[in-house]
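This report covers the model shown below.

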Amino acid sequence: MTKIFHNKIFARLFLFALLVSAAFVLTGCGASLTVYDYTSGGVRYNAFELAVDTDVVEAMERTAATKSDGSKYTVENYFFELFEYYGYELAAAALTDEKYTVRYVRAFEYGDTDLDRLGVEVDFTAEIISENPFTRDILLSAENPFNGLREKYDGTDGTGTILGQIKNGRVTIDEFGEKTTVFPAVTDAFPVLRGENLDGLLLGYAYFASSRMKSSGVSAPIGGGNSAYLFSRYFDGTEGTIEFEYTRPVPYGWYLVALAAGGAVLAVILIVTREKKKKPTLLDRFPYNPEEYRDYEVRLPTKR
């Protein structure tokens, strides 16, 4: 993905995502994760944007575990190590008095993306909800990609996915069969999170589409007649949907109007032409034929 794409898309969405998530995290656990799934230049990308309230970051780092090099884990280096292991690149990061925000991006030229593997495929179905001779209203709906994600997280006991490493960490096994933790679970790196209710984690899914559609999500213009639509839900067991509604013209209605208009114009032309032919013009009378115009009264000049 080019830097231009980052600048034109994500720079405009950066503040937008923060403002939308802020209303939710105030009543949640102080953190949100937004996933952008899109295609650019024939390559598909996943971008993960993590936002954590600054006071939560400070609480996590006060009880942070010690790394093998003797330093303490921080929210920044923990998630950098996590995403770097899966081939993600750091795209942006910001720390304010209210929030720490970081975004990681990875290209997927072949196969499924991490969102595909972790969640549900976003497969839209179309339904006509109203129709008249000229327009048709269409509803597009799909499952929220995070449906079933909480169940997967609760049920995983492995370390082969991002979810697995967040929950269980990453271990290596030496030649003697001994296990060594090389990357801790998030609750081991930050013990203050143990017992935290994960239902409060806000999950967001960003989808790019035409700005001329209504949606069940929150939209933000990104230029070129397109918008980013953000669909939010919590990290719980509820099922969510993604919906778009748009209007399309019905061709046959407009074809009938065009035919009727064309027929009316043709009828007017025929009527005007026919009226003109009823009364002969001078041109019609030339050359003069007295037999044909016998009924016309001819007055000759008289001598005075």
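The sections below start with the chain as a whole and then turn to local features.

## Model and confidence

The structure is a predicted model. The mean pLDDT of the protein chain is 79, and 73% of its residues reach 70 or more. Among the elements of the chain, helix 3 has the highest mean pLDDT, at 95, while helix 1 (residues 3-25) has the lowest, at 43.

## Composition and surface

The protein chain has eight helices and 13 strands. Of its 304 residues, 37% count as buried. The accessible surface comes to about 18,800 Å², and carbon and sulfur atoms account for 56% of that area.

Contacts across the sequence can be summarised by one figure. Among contacts between residues at least 6 apart in sequence, 61% join residues at least 24 apart.

Four strands form an open sheet in the order 5-6-13-10, with antiparallel pairing. Strand 5 (125-131) and strand 10 (214-215) are the edge strands, each pairing on one side only. Strands of a sheet pair through backbone hydrogen bonds, in either a parallel or an antiparallel arrangement.

Strand 5 and strand 6 run antiparallel and are joined by six bridges. A hairpin of three residues connects strand 5 to strand 6, and alanine 126 stands opposite leucine 140 in strand 6. Strand 6 (residues 135-143) is also joined to strand 13 (residues 241-249), by nine bridges and again in antiparallel fashion. Glutamate 143 has threonine 241 in strand 13 as its bridge partner.

## Aromatic pairs

The structure holds 20 aromatic pairs. One of them is formed by phenylalanine 48 and phenylalanine 83, a tilted pair at 5.6 Å centre to centre with 45° between the planes. This pair links distant parts of the chain: phenylalanine 48 is in strand 2 (residues 43-53) and phenylalanine 83 is in helix 3 (residues 75-85), 35 residues apart. Phenylalanine 48 has a relative accessible area of 6%, so this residue is buried. Phenylalanine 83 is likewise buried, because its relative accessible area is 6%, under the 20% cut-off.

A second pair joins tyrosine 205 and tyrosine 207. Their ring centres are 6.3 Å apart and their planes meet at 40°, so this pair is tilted. Tyrosine 205 counts as buried at 1% relative accessibility, whereas tyrosine 207, at 24%, counts as partly exposed. Ring pairs also link a cluster made up of Phe48, Phe80, Phe83, Tyr88, Tyr104 and Phe108. Phenylalanine 48 and phenylalanine 83, described above as a tilted pair, thus both belong to this cluster.

## Charges over rings

Which residue lies over the face of tyrosine 85? Arginine 170 takes that position, at 3.7 Å from the ring centre.

Key. Residues numbered from 1 in each chain as written. Predicted model: local features only at pLDDT ≥ 70, side-chain atom pairs only at ≥ 80, totals over all residues. Heavy atoms only, no water. Phe/Tyr/Trp six-rings, centres within 6.5 Å; stacked < 30°, edge-to-face > 60°. Helix = DSSP H or I, 4+ residues; strand = E, 2+ residues; numbered from the N terminus. Buried < 20%, exposed > 50% of the residue type's maximum accessible area, 1.4 Å probe, protein only. Lys NZ or Arg CZ within 6 Å of the ring centre and 35° of its normal. Pairing = 2+ DSSP bridges. Contact = heavy atoms within 4.5 Å. Areas by Shrake-Rupley, 256 points an atom, 1.4 Å probe, with all protein chains shown as cover. pLDDT = per-residue confidence, 0-100.
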